[in-house]
Amino acid sequence: MPPITRRADGGLRQVGVEIELSGLDLDQTAALVAEAVSGSVRSISRYERSVAGDVAGAMAGDWQVELDFTLLKTLGRRERDGGELVDAAEELAEDVLRMIAERIVPVEVVSPPLPLDRLDVVNGLIGRLRDAGARGTGGELAYAFGLQLNPELPDTDADTIRKYLQAFLCAEEWLRERARVDLTRRLTLFAEPFPKGYVRKVVAAGYAPNLDALIDDYLRDNPTRNRALDLLPLFLHLDPERVRAKVDDARVKPRPTLHYRLPNSEIDVPGWDLGTAWVDWLVVERLAADPVLLDALCQDYAAFLAQPIERLVGDWAAETAQWLDRNRLR
C-alpha cells in the first residue's frame with residue numbers, strides 16, 4: 001500500500017489498470033474478463049465489448065475490452081446493411097483494415113476504478129489471460145504493448161499534484177531503467193522524457209505555483225499525451241477550457257487520476273503481474289508523501305542538471321537507486 005491510502009474525503013483511493021495484449025481475439029478476451037470478475041459481456045460495437053461485474057461489491061463501473069484503434073472503433077459503431085455499392089465498398093475497406101490491425105494493434109483491457117485493496121483481481125485476470133495464450137510486447141518485433149496505471153490522487157489541489165510531479169521527475173530515469181522499455185515502444189515515442197528545461201523549472205527550489213500556473217507550465221512544454229506520466233486527463237478534469245485551448249485531441253479524456261504509461265506488457269512471461277510495475281510506482285508515492293525527502297532529492301537533481309558535463313557522463317538513474325536505498329524508499 002502507498003503511505004496515503006485515502007482521499008481527502010476519507011474514501012479509499014482507487015486505481016485504474018489498462019493492459020494491452022495479443023494472441024487472443026476480442027471475444028476470447030472479454031469472456032476471460034467476465035470469468036475473472038463473475039460478470040457478463042455486452043457488445044458495444046464490432047470492436048468493443050463491455051463486461052459488467054462487481055466482485056464482492058468492490059468495483060464501480062464496467063470493464064472495457066476493445067481493439068485499440070480509434071479509426072476502426074469508429075467504423076465499428078456504424079450499422080451495416082449491405083444494401084448499397086458504397087456500403088459494400090466501405091465494408092470491404094473496413095475488413096481489410098481490421099485484418100491488418102489485428103496483426104499489430106493490441107486488444108486492450110481497461111478496468112474500472114479499483115479500490116487499492118482489490119488490485120489482486122487484476123493479477124487473477126492476468127493469470128487467466130496468460131494461460132489462454134495472451135502475448136505481450138515481446139511476442140513479435142512489431143508489438144509495442146504496455147501496462148498503464150491510473151492512480152487516483154489523495155487530493156487534486158496544486159500542492160498535491162506538484163509533489164507527485166516532482167517525485168516522478170526525480171525518479172523518471174531510474175523508472176525507465178527499471179521498466180526496460182521495449183525497443184519498439186521506444187521507437188513509437190509513446191512516452192518521451194519530459195524536456196529538461198521543464199524538469200529544471202519544476203524541481204527548482206521554491207517551485208510552488210497555484211493550480212492555474214501549474215497547468216499553464218505543463219501545457220507550455222507538454223501539450224501531448226506522449227509522456228511517461230501524462231497529466232492531461234487530470235488537468236482536463238480540473239480545467240477543461242484551459243486544456244482544450246492548447247490540446248485538441250479527442251483521445252484525452254477527463255479523470256481525476258495520474259496516467260502512468262511506462263511499463264511494458266509482459267503478460268506472456270511466467271511470474272509477471274501487476275506487482276512488477278506497482279512496486280516501482282510506490283517509490284513515487286513514498287516520495288510524494290514525504291516533503292523533507294522530496295525536497296532533498298529535488299535539490300540533488302537540480303544540482304545534477306545544472307552541471308553540463310555531469311549530465312553527459314553521469315548516471316542519474318544509478319545515483320537515484322543509491323539515494324533511494326540510503327533512505328529506505330524501495
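**Cavity lining and a helix pair**

Q: How does the lining of the largest cavity divide by class?
A: Seven residues of that lining are nonpolar, one is polar and none is charged (Ala, Val, Leu, Ile, Met, Phe, Trp, Tyr, Cys and Pro count as nonpolar, Asp, Glu, Lys and Arg as charged, the others, Gly among them, as polar).

Q: What kind of model is it?
A: A predicted one, where local features need pLDDT of at least 70, side-chain atom pairs need 80 or more, and totals for chains, interfaces and linings use all residues. Residues are numbered from 1 along each chain, and side-chain values use heavy atoms, without hydrogens or water.

Q: Which residues line the cavity?
A: V17, I19, W63, V109, V110, S111, V122 and L125 (an atom within 4 Å of a point on a 1 Å grid where a 1.4 Å probe fits but cannot get out).

Q: Which elements give two or more of them?
A: β1 (14–21), β5 (107–110) and α4 (120–131) (DSSP runs: helices H or I, at least four residues; strands E, at least two).

Q: What volume?
A: About 30 Å³ for the largest cavity, as space filled by probe spheres on the joined points. The count is one cavity of 30 Å³ or more.

Q: Switching topic: how do α5 and α11 pack?
A: Helix α5 (158–179) and helix α11 (274–288) pack at about 150°, with axes 8 Å apart (lines fitted to C-alpha atoms over the stretch in contact, angles from 0 to 180 degrees between N-to-C directions). They are therefore roughly antiparallel (over 145 degrees).

Q: Which residues of α5 and α11 make the contact?
A: From α5, K163, Y164, A167, F168, W174, L175 and R178; from α11, V279, D280, W281, V283, V284, E285, L287 and A288 (heavy atoms within 4.5 Å). By class, eleven are nonpolar, none polar and four charged.

Notes:
Parallel < 35°, antiparallel > 145°, perpendicular 65-115°, else oblique. 1 Å grid on protein atoms, 1.4 Å probe; cavity = no way out; pocket = protein on both sides within 12 Å on 5 of 7 lines; lining within 4 Å.
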